[in-house]
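Subject: Structure handover

Hi,

Here is the structure I said I would pass on.

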Amino acid sequence: MSKLDHALYEIHHMDTLADKDQWLNRIHPLVKLIVTVSYIAVTVSFHKYSLAGLLRMGVYPAALFILGDLSFTDTLKRLRIVLPLVCFIGLFNPFFDRQPVTILGMFTVTAGMISMVTLMLKGIFSVLAAYLLIASTSIEKICSALRMIHIPSILVTQILLTYRYISLLLEEAGRITDAYSLRAPKQKGVHFKVWGSLAGQLLLRSMDRAEAVYQSMTLRGYRGEFYHGGNTRISKKDTAYLLVWSCLFAALKLI
Amino acid sequence: MSHIHISLEHVNYSYDTSHSVLKDITFTAREHDAIGLIGANGAGKSTLLKLLVGLNLNYEGSIRIEDIPVEKNTLPVIREKTGYVFQDSDSQLFLSTVKEDVAFAPRNYGLSEDEVNRRVEHALANIHIEHLRDRQIYKLSGGEKKMVSIATILSMIPDIILMDEPSIALDPKNRRRLIHILNQFEHLKIIASHDLDMILDTCSRVILLSNGEIIRDGNTVDILSDKELLEAHGLELPLCMQGFSQISH
């Protein structure tokens, strides 16, 4: 499978996960969105030396992995590019903040090391929370939740269509590179001399495709607003889910 | 006398001033008509279909759908009455699941969720693809995508169905199924296609286009059996009329 095909497979796999008939997937998207945003807000609000408090916040992703029947290993594989970048942010803290905090045998733990770990954990937990949201909620439902809290329609439509167009772009790129590789069998990758024309072709084809999709939308009554339908009522179960997590986040923050 | 749904009078259209794509197109279509739009590549078939739903405007002449002129401000009404099936199903289907895509149009027209669900079920049942309801679009085969594309327009309950090369890329079984479904529809249908055998099976009337002009408008069998006429305009007799001698040859 080529890299482009693999990327496409990953996007489709996320759609499949979000479409599963699981307990977590059936929670109202607005509730899941609020819980996710609250979790990220509480997580990043921990003090840079509050490592113990932050570690306790790990209970939320752990619980969601179980409730959503999601594979932790697959998640790590999927986030293997993002997570190192997130971890990289705090890498220089030990060099700037060298104040000793404690000594573990021969090893002196500095404040910079603790702040590095908390920064990394904040990043990892935030990325995991966002991942768990999209793995249990389709893009259409997330967008409908955004509209419920009055995020402007144009912005929500941008998010939805960007997500959809990524697949189109990857498909077009896959076709172009397949056609190229079939006629350039001894080359590894695409020769730099044709990067420009291939990118141009990709842009033109993607624009044509996007135009056709847009025409299809307007022909079926689209006038700038996506109507998602589905269940818009928040049930008692949803309210309970929101209350339990809100109370837990508050408790974890205040302990 | 049946009601006139589509009326074109002296329609001219060009993408730029130097080259006319459609020249002096005049015809009417009534309810329950099944019209095959045939012609060689570049004859103007797709352009003509697009004019009917206002995807191309700035034409000269008159185009009226159910007596409503095709203009920018009338497009929502016209498009509610007209279902357009794209040649490429991947352009038509852009949401994640079949149900979401089929429900897209009814939701845009402000129908209640109960009515939307009813229409989705009805559209899927109409072409016998209820089992695809919760399937993800990317997992569908080419034939299934075509059927779902048709369902997306049926959920609008259109009076008119326009199809651009519907049988392209379908295997024989799916093609046969498509023909069967098209023959069930009582809507006014205009089908642009090179598949003359399908046109023969589904349409009672044919409009032959060549270089943007209507060359002939009449009975399907009369036109599709006229070898000289077809060959003069870049087409050939339908395979079923070519005879065994030519097939063996």
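Let me start with the interface: chain B and chain A bury about 2,500 Å² between them, with 56% of that on carbon and sulfur atoms. Buried area here is the accessible area (1.4 Å probe) that two parts lose on being put together, summed over both. In contact terms (heavy atoms within 4.5 Å), 29 residues of chain B touch 25 residues of chain A.

Before going on, the ground rules: this is a predicted model, local features need pLDDT of at least 70, side-chain atom pairs count only at pLDDT 80 or more, and totals for chains, interfaces and linings use all residues. Residues are numbered from 1 along each chain as its sequence is written, chains are lettered from A and ligands numbered from 1 in the order in which they are written, and side-chain values use heavy atoms, with hydrogens and water left out.

Back to the two chains. The count of salt bridges between chain B and chain A is 3, where a salt bridge is a side-chain nitrogen of Lys or Arg within 4 Å of a carboxyl oxygen of Asp or Glu. Over all chains, the structure holds 27. One to click on is B:D90 with A:R209, whose closest N and O atoms are 3.7 Å apart. B:D90 lies in helix 3 (residues 89–92) of chain B and A:R209 in helix 11 (residues 195–219) of chain A, so this pair joins two chains.

Now chain A by itself. Its secondary structure comes to 12 helices and 2 strands, in the order α-α-α-α-α-α-α-β-β-α-α-α-α-α along the sequence. These are DSSP runs numbered from the N terminus: helices are H or I with at least four residues, strands are E with at least two. The C-alpha trace of chain A spans about 65 × 55 × 30 Å along its principal axes. A:V101 sits in strand 1 (residues 100–104) of chain A. Apart from neighbours within four places in sequence, A:V101 is in contact with A:V109, A:T110, A:A111 and A:I114. From A:V101 to A:R220 is 119 residues in sequence and 64 Å in space, C-alpha to C-alpha.

On to helix packing in chain A. Helix 2 (residues 29–44) and helix 8 (residues 111–136) of chain A pack at about 175°, their axes 9 Å apart. Axes are lines fitted to C-alpha atoms, for helices over the stretch in contact, and angles run from 0 to 180 degrees between N-to-C directions. That angle makes helix 2 of chain A roughly antiparallel to helix 8 of chain A; the cut-offs are under 35 degrees for roughly parallel, over 145 for roughly antiparallel, 65 to 115 for roughly perpendicular, and oblique for the rest. The residues of this contact divide into 8 nonpolar, 4 polar and 2 charged. For those classes, Ala, Val, Leu, Ile, Met, Phe, Trp, Tyr, Cys and Pro count as nonpolar, Asp, Glu, Lys and Arg as charged, and the others, Gly among them, as polar.

Helix 9 (residues 139–148) and helix 10 (residues 153–183) of chain A have axes that come within 9 Å and cross at roughly 170°, which makes helix 9 of chain A roughly antiparallel to helix 10 of chain A. By class, their contact has 7 nonpolar, 1 polar and 3 charged residues.

What about chain B? There, the axes of helix 6 (residues 142–154) and helix 7 (residues 172–184) of chain B come within 10 Å and cross at roughly 15°, so helix 6 of chain B is roughly parallel to helix 7 of chain B. B:G143, B:M147 and B:I150 in helix 6 of chain B meet B:N174, B:R177, B:L178 and B:I181 in helix 7 of chain B.

Cheers
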